[in-house]
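Subject: Handing over the two-chain model

Hello,

Here is the structure I said I would pass on. Please have a look, then read my notes below.

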Amino acid sequence: MSGLGDALLDHWPLPAVVVNVDGVVDRSNPLFEELFEISTGQLDGRGIDAFLQLETAVAWSNIVGEYTASGLTRLDRVFKGVTSSGRSISVELGLTRPKSDDRSSILVTVFDVSGRTRQDSLAALTFQAAASAMITVDKHGTIRSVNPAASLLFGYARSEIVGNKIESLIPAEFRASHTVVRDQFSQASGSREMGRGQEIYGQRKSGETFRLEVALTRITLGQERLTLATIVDITERLAAERALAEKEVAEGQAERLKEINEELSRYAYAASHDLKAPLSTIAGMIECCLMDLGTGATDEVERNLLKLRRLCERSGSRIESALAFAKVGHRKASLEQVNLREIAQEMWDDCSLLHAQAVGFDNAAPAHLQVRTGPAQIRAIIGNLFSNAVKYRDIDKGKCWVSFDAHKDDQHCYFSVSDNGIGIPRERIPDAFGAFVRLGKRSGDGLGLALVKRNVELLGGKISCDSTVGEGTKFVVELPSTVHTSGELQ
Amino acid sequence: MTFVVVDDDEMDRYIARRRLSVFESFGEVYEIESGQDFIRLICDSDGPLASPSTPIVVLMDINMPGLDGFETAEQLRLLVEKGQVPPSVVVMMFSSSENPHDRERAEQNSIIKGYVVKPIDDAAISALERVIESLGPIVD
């Protein structure tokens with residue numbers, strides 16, 4: 001007879017049964033009777049095998065001994081239970097002795113884990129059927145299981161790799177370091193992606209290596225903690241990415257080449273116009289002189305010869321500047337600390353000396369502002385912008401002025417040249433920086449702004465223009481604080 | 001017959017005038033410095049080019065600041081289309097360039113009747129004469 005109070009057993013919150021050491025049922029509680037579909041007391045006096053299917057070799061006393069030895073009340077061991085209707089259920093058992101002095105009676109609490117084992121078998125099926133390669137590894141790095149996708153990926157039969165170290169699947173040169181990393185992982189917690197941005201390689205049975213990605217997940221199987229590695233062969237993805245990147249590079253180069261070709265053909269077109277024009281004029285003038293010599297109009301001949309001489313001089317210097325423009329792209333900027341205020345002042349002094357015009361100048365750049373950049377390019381940029389500002393001054397305005405300003409932030413240095421000149425029509429601004437583009441009658445060779453733009457680009461900067469006809473023009477140059485020189489048009 | 005030379009280069013205008021004036025039948029020669037000035041003058045109902053009794057042949061330089069020769073010719077074509085300028089005004093492009101691209105562009109505008117390469121030589125004069133003949137007399 002059990003020492004456990006009937007009331008306590010009846011109110012035990014889980015299905016339970018009291019048995020003796022031989023496994024003979026003393027009493028069951030209502031929840032137990034419900035689980036096994038029996039009537040009250042139906043199993044009393046019956047052996048434990050009336051509701052538990054024990055493997056023939058395993059005696060109940062051995063199980064009790066196992067529990068006793070472990071010191072635990074519940075072992076992670078699943079038994080097969082059978083209900084009175086013959087339905088099979090998975091159960092775990094909790095074994096306690098209700099009274100320490102009574103070693104004969106054992107309270108067996110029954111945990112129905114049928115749901116869980118269904119999940120486990122679903123997991124097992126998934127593992128087998130998964131398209132991704134999966135490998136479980138124990139804390140010593142020994143492969144415990146592989147799924148068919150993993151066998152296929154690495155080219156080993158399941159039996160050939162289970163029991164081997166996981167390092168047998170990676171190229172020899174990475175094995176030692178992998179062992180260390182694996183140890184660290186098994187001591188840490190949480191799941192993660194393997195490699196952390198490093199390239200990970202696998203090695204097939206054939207010795208062939210390939211790039212892969214691995215996600216690591218900790219799982220507990222029975223009592224054991226394992227690592228589940230899900231492995232993806234990324235060879236094809238990398239090839240696709242590489243092809244895409246190569247395509248982009250090729251397209252970029254084609255685009256750049258197209259730009260260069262367009263620029264060259266624009267240059268050639270403009271050069272054919274501008275450089276050939278004076279020769280046509282000279283030929284035409286000579287024809288006129290010949291006619292005048294025939295009629296004895298020597299005064300006219302002399303006047304025209306003088307004009308011709310000036311034209312030749314002008315053409316010579318135009319060719320010089322066209323060549324200078326073509327050369328800008330091939331020079332490399334040599335960098336120094338540049339004081340923009342000082343350079344602006346110097347360039348303005350040169351410019352006003354040349355033009356001797358009554359144009360006011362305001363140098364608003366801070367005296368201390370320094371930027372590391374190419375001084376030769378800066379001089380060309382500022383000099384041309386000043387010369388333009390003076391050339392396109394608005395004579396109708398009482399006072400013409402040009403102003404220079406500069407400032408700097410973390411990444412960029414900015415300077416601007418503003419004037420109250422005649423301005424550029426808005427629709428002409430995009431063209432204004434083109435070579436041989438002349439916007440008005442006062443334009444020179446049409447190279448000034450093209451030269452400015454080239455120099456700005458050489459310093460890795462950008463130039464923008466804001467202008468209103470009749471009010472004035474402002475050019476803003478943005479330069480990187482640290483210039484990486486590029487030999488543009490290499 | 002009236003000639004208009006639209007060219008920003010003073011010497012080129014001078015050369016054209018000298019060559020054209022050799023031929024008495026060619027009549028008056030006007031010199032204009034820019035495309036904008038030409039459009040202004042051709043639209044001016046009180047100007048010297050208003051209601052011409054003879055055809056006007058415009059020698060149009062290509063490379064000019066502001067409106068270039070093609071842009072000016074295109075504006076003229078639109079004016080003729082709208083009836084603001086009589087169709088007896090025609091254009092010959094007038095350039096030092098023998099660039100095929102420029103010749104192609106000249107062919108795309110119906111108002112452009114020819115292409116004269118600077119400086120005007122005897123061949124150019126004959127081409128001019130042919131164009132003028134094709135225009136025929138002005139009716140009305």
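Helices here are DSSP runs of H or I with at least four residues, strands are E runs of at least two, and both are numbered from the N terminus. On that basis chain A has 12 helices and 19 strands. Please keep in mind that this is a predicted model.

**Chain A overall**

Chain A has 490 residues, and 27% of them count as buried. Take its contacts with a separation of 6 or more: residues 24 or more positions apart account for 58% of them.

**Chain B overall**

Chain B has 5 helices and 5 strands. Its elements run β-α-β-α-β-α-β-α-β-α from the N terminus on. Chain B has 140 residues, of which 39% count as buried. Among its contacts with a separation of 6 or more, 66% are between residues 24 or more positions apart.

**Where the chains meet**

On the A side, 20 residues are in contact with 16 residues of chain B. Helix 8 (235–295) and helix 9 (298–328) of chain A each supply at least two residues to the side that touches chain B. Helix 8 of chain A gives the largest share, with 13 residues. By class, the A side of this contact has 7 nonpolar, 7 polar and 6 charged residues.

**Helices 8 and 9 of chain A**

These two helices also pack on each other. The angle between helix 8 and helix 9 of chain A is about 165 degrees, and their axes are 10 Å apart. Angles over 145 degrees count as roughly antiparallel, so helix 8 of chain A is roughly antiparallel to helix 9 of chain A. Their crossing is left-handed. From helix 8 of chain A, the residues in the contact include A:Ala271, A:Leu275, A:Ile282, A:Met285 and A:Cys289. From helix 9 of chain A, they include A:Val301, A:Leu305, A:Leu308, A:Leu311 and A:Ile319. Charged residues take part too, among them A:Asp274 and A:Asp292 of helix 8, and A:Glu300, A:Lys307 and A:Arg318 of helix 9. The contact of helix 8 with helix 9 of chain A has 14 nonpolar, 3 polar and 5 charged residues.

**Helices 2 and 3 of chain B**

Chain B has a helix pair to look at as well. Helix 2 (residues 35–43) and helix 3 (residues 69–81) of chain B pack at an angle of about 20 degrees, with their axes 9 Å apart. Angles under 35 degrees count as roughly parallel, so helix 2 of chain B is roughly parallel to helix 3 of chain B. The crossing of this pair is right-handed. B:Gly35, B:Phe38, B:Ile39, B:Ile42 and B:Cys43 of helix 2 meet residues of helix 3 that include B:Gly69, B:Thr72, B:Leu76 and B:Leu79. By class, the contact of helix 2 with helix 3 of chain B has 6 nonpolar, 4 polar and 1 charged residues.

**Helix 11 of chain A**

Helix 11 of chain A covers residues 375–391. Its 17 residues reach 24 Å from the first C-alpha to the last, close to the 24 Å expected at 1.5 Å a residue. Helix 11 of chain A is mostly covered, with 12 of the 17 residues buried. Among the buried ones are A:Ile378, A:Ile381, A:Leu385, A:Phe386 and A:Val390. A:Gln377, A:Asn384 and A:Asn388 of helix 11 are buried too.

**Single residues to check**

- A:Ile166 lies in the loop between helix 6 (158–161) and helix 7 (172–187) of chain A. A:Ile166 is buried because 22 other C-beta atoms lie within 10 Å. Leaving aside neighbours within four places in sequence, A:Ile166 is in contact with A:Val137, A:Gly141 and A:Ile143. A:Ile143 is 23 residues away along the chain, yet its C-alpha is separated from that of A:Ile166 by 5.7 Å.
- A:Glu37 sits in the loop between helix 2 (30–35) and strand 3 (52–53) of chain A. Phi of A:Glu37 is near 55 degrees, a positive value in a residue other than glycine. A:Glu37 is exposed, with 12 other C-beta atoms within 10 Å.
- B:Lys118 and B:Pro119 are joined by a cis peptide bond, with omega about -10 degrees. B:Pro119 is in the loop between strand 5 (112–117) and helix 5 (122–135) of chain B.

Best wishes

Conventions. Residues are numbered from 1 along each chain as its sequence is written. Chains are lettered from A and ligands numbered from 1 in the order in which they are written. This is a predicted model: local features need pLDDT of at least 70, side-chain atom pairs count only at pLDDT 80 or more; totals for chains, interfaces and linings use all residues. A residue is buried if 20 or more other C-beta atoms lie within 10 Å of its own, exposed if 12 or fewer, and partly exposed in between; C-beta atoms are placed from the backbone. Two residues are in contact if their C-beta atoms, placed from the backbone, lie within 7 Å. The expected span of a helix is 1.5 Å times one less than its number of residues. Axes are lines fitted to C-alpha atoms, for helices over the stretch in contact, and angles run from 0 to 180 degrees between N-to-C directions. Angles under 35 degrees count as roughly parallel, over 145 as roughly antiparallel, 65 to 115 as roughly perpendicular and the rest as oblique. A crossing is left-handed if the near helix is turned anticlockwise from the far one by less than a right angle, and right-handed if clockwise.
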